[in-house]
Amino acid sequence: MKKIFFGIVSLLSAVTIFTSCHKLDVPVNTELTPDVFPKTESQIVAASGPVYIALRSDFAGSYWFSQSLTTDEAVLAAFGGNWLDGNRYLELHRHTWTKDNAGVSALWYYASNLIGVVNQTVAVLKDLPASPAKTTTIAEIKTVRALAYYIMLDNFGNVPLDTLYGDKGLKPTTPRAKVFEFVEKELKTNLPNLSTTTGMTTYGRPTQYFAYSLLAKLYLNAQVYTGTPRYNDCIAACDQVINSGLYGIEAPANYMQMFSPTNGPGQKEFIFAIPYDASTNGGNMIYARYDLNRNLGIRYLYSGSTPGGFTDPIMNQSKGNGLANNMPSGPRMTTAQFYANFNDPNDVRNKQWLTGPQYWQDGTPIMVATTKSGYDQFYKGSDGGSTYVYPLVITPLVDNGSRLGATAFDLGNDEIAWNTGIRNIKYLPDYTNTINRNQSNDVPVIRYSDILLMKAEAILRGGTPTLGATALSLVNTLRANRTTSAALTAVTLDDIYAERCRELSWETWHRNDMIRFGKYEGTWGLGKNNSDTYRRLFPIPTSAFQTNNTLTQNPGYN
């Protein structure tokens, strides 16, 4: 089973899982104490299980939404009021969020809770007798805490630094530059104690190469975070990963496999990934629920859907003989501006998108049954209740293109509306799971292709080339495994940006990229035209002030 590491979490079933919050002054309510547990190497590793449960808890949920729905990469539109959800998605898309936006609050809680769980776990492990397992495990979970603080640094800027469990003193906000220094020091301090082994034994846990990768992210964005560029440091961190010789770019035939329900330790591009398992509820990895057009459940065997005894059934009409048509929700799509980056017909990365006419595996058009009014809510004929069967065609979302008006965030509540918007199936619906809508697709945090693109960008921004590589050669190394089109003869920062869009779509890095490339204040999608630069940081949510009144709100927010 590919979820090797998370199998050890079952060792915790006899004890109470850690509880935590932020402020981090909750007593450890658990039987897991140093005098009774952990003692053996496997128990020490298992004791870190709650950290990884907290890491995966909302990474594919609120973290994804905050990094993608605030950009031109994705929009979660409303359909006749469905998915309006108190305007949380509208505000993220249009950059009109407030400190009370539910998505902003969820992001703060996700990262701060992860920090709290790490602090509690370190408190349990630190008094154990010295051993290699103890040293490595503490270094691993402190590296996860560095990732959590990187998320806080990147999204909120000035945040409290709180690393000692049981300290009852309230921590005020620390300036962003100081948080940057903390993350850098934390990574460098723990890096020597991390493993250099990759593969099954360390899958899902930080290695030295993940620490170098996160340092590269930190340095690439240093000018945004601190005002001082660190491009040579970014290149040096990337070189540590490149020189390891442990990673490479997957062949074109394996690109989509990297994100499938059966991915795992065998993916040679994964430097650090979060394992998910459809048999558990502790992850909320349900991308297909949001991304798959709701008429394609059977086509992609979504959550137990099956064609049964029928061949090419008409969707929403044929039933019986084992036919099960479980419908995904399907509200999430990309914008015309983002999809314009996919302009090479020879690029294997185009396979992640659903657009245009949809077909069964044998090439037969997929047909959908509804009524004339169900297909088009504006149908004026007297026979609106008559059956209407049509071929499924997914049409692009055009800027300010809702049929309900140029300023509408709602696309309508008919088949035309629900089939609007190019959909992403990079994380293929989990055809192995017939029980629930959870997915077993592991989610990469850092891939090797990102390392090559970060180094190329750092060189173009003024860093010194190393290892005989240029920005052009690095980009062409990646492209040689993604497209059969001719290699580039020159590369610009705009080329790097477009390549990052193609390569890392749906992988939670696009907000970070748009801010660094100065594109976050643009216009796109369903009415996004706010150009306030202060929105490069989210507000500290109201809920945080309710537990810590020493915090200072970010500029621009009341």
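## Strand 12 and its partner

In this predicted model, strand 4 (residues 270-274) and strand 12 run antiparallel and are joined by 4 bridges. Within this pairing, Phe-272 stands opposite Ile-446 of strand 12.

## Packing of helix 17

Helix 17 spans residues 471-479. Its buried residues are Ala-471, Leu-474, Val-475, Asn-476, Leu-478 and Arg-479. Which helices do the buried residues of helix 17 pack against? They pack against helix 16 (448-460) and helix 18 (493-504).

Asn-512 belongs to helix 19, which comprises residues 510-516. Is this residue, Asn-512, buried or exposed? Its relative accessibility is 2%, and because buried means under 20%, Asn-512 counts as buried.

The side chain of Asn-512 makes a polar contact of 3.3 Å with the side chain of Asn-221. When neighbours within four places in sequence are left aside, Asn-512 is in contact with Tyr-150, Asp-154, Asn-221 and Tyr-225.

## Aromatic pairs

A pair of aromatic rings is described by the distance of the centres and the angle of the planes. The count for this model comes to 34 aromatic pairs. One of them is formed by Tyr-255 and Phe-259, with 5.5 Å from centre to centre and 65 degrees between the planes. Planes over 60 degrees apart count as edge-to-face, and the pair of Tyr-255 and Phe-259 is edge-to-face. Tyr-255 is buried, with a relative accessible area of 0%, and Phe-259 also counts as buried, at 0% relative accessibility.

Phe-338 and Phe-342 form a tilted pair, because their ring centres are 6.1 Å apart and their planes stand at 55 degrees. Phe-338 counts as buried at 1% relative accessibility, and Phe-342 counts as buried at 8%.

## Arginines over aromatic rings

Two arginines are placed over aromatic rings. Arg-461 lies over the face of Phe-517, at 4.7 Å from the ring centre. The charged end of Arg-535 sits over the ring of Trp-97, 5.3 Å from the centre of that ring.

## Positive phi angles in loops

Most residues other than glycine have a negative phi. Asp-85 is not a glycine, yet its phi is positive, at about 50 degrees. Where does Asp-85 lie? Asp-85 is in the loop between strand 1 (75-76) and helix 5 (88-94). With a relative accessibility of 41%, Asp-85 counts as partly exposed.

Asn-321 likewise has a positive phi of about 50 degrees although it is not a glycine. Asn-321 is found in the loop between helix 12 (287-291) and strand 5 (332-333). Its relative accessibility is 60%, so Asn-321 counts as exposed.

Conventions. Residues numbered from 1 in each chain as written. Predicted model: local features only at pLDDT ≥ 70, side-chain atom pairs only at ≥ 80, totals over all residues. Heavy atoms only, no water. Buried < 20%, exposed > 50% of the residue type's maximum accessible area, 1.4 Å probe, protein only. Helix = DSSP H or I, 4+ residues; strand = E, 2+ residues; numbered from the N terminus. Contact = heavy atoms within 4.5 Å. Phe/Tyr/Trp six-rings, centres within 6.5 Å; stacked < 30°, edge-to-face > 60°. Lys NZ or Arg CZ within 6 Å of the ring centre and 35° of its normal. Pairing = 2+ DSSP bridges. Polar contact = N/O pair within 3.5 Å; in protein donor to acceptor, adjacent residues only side chain to side chain.
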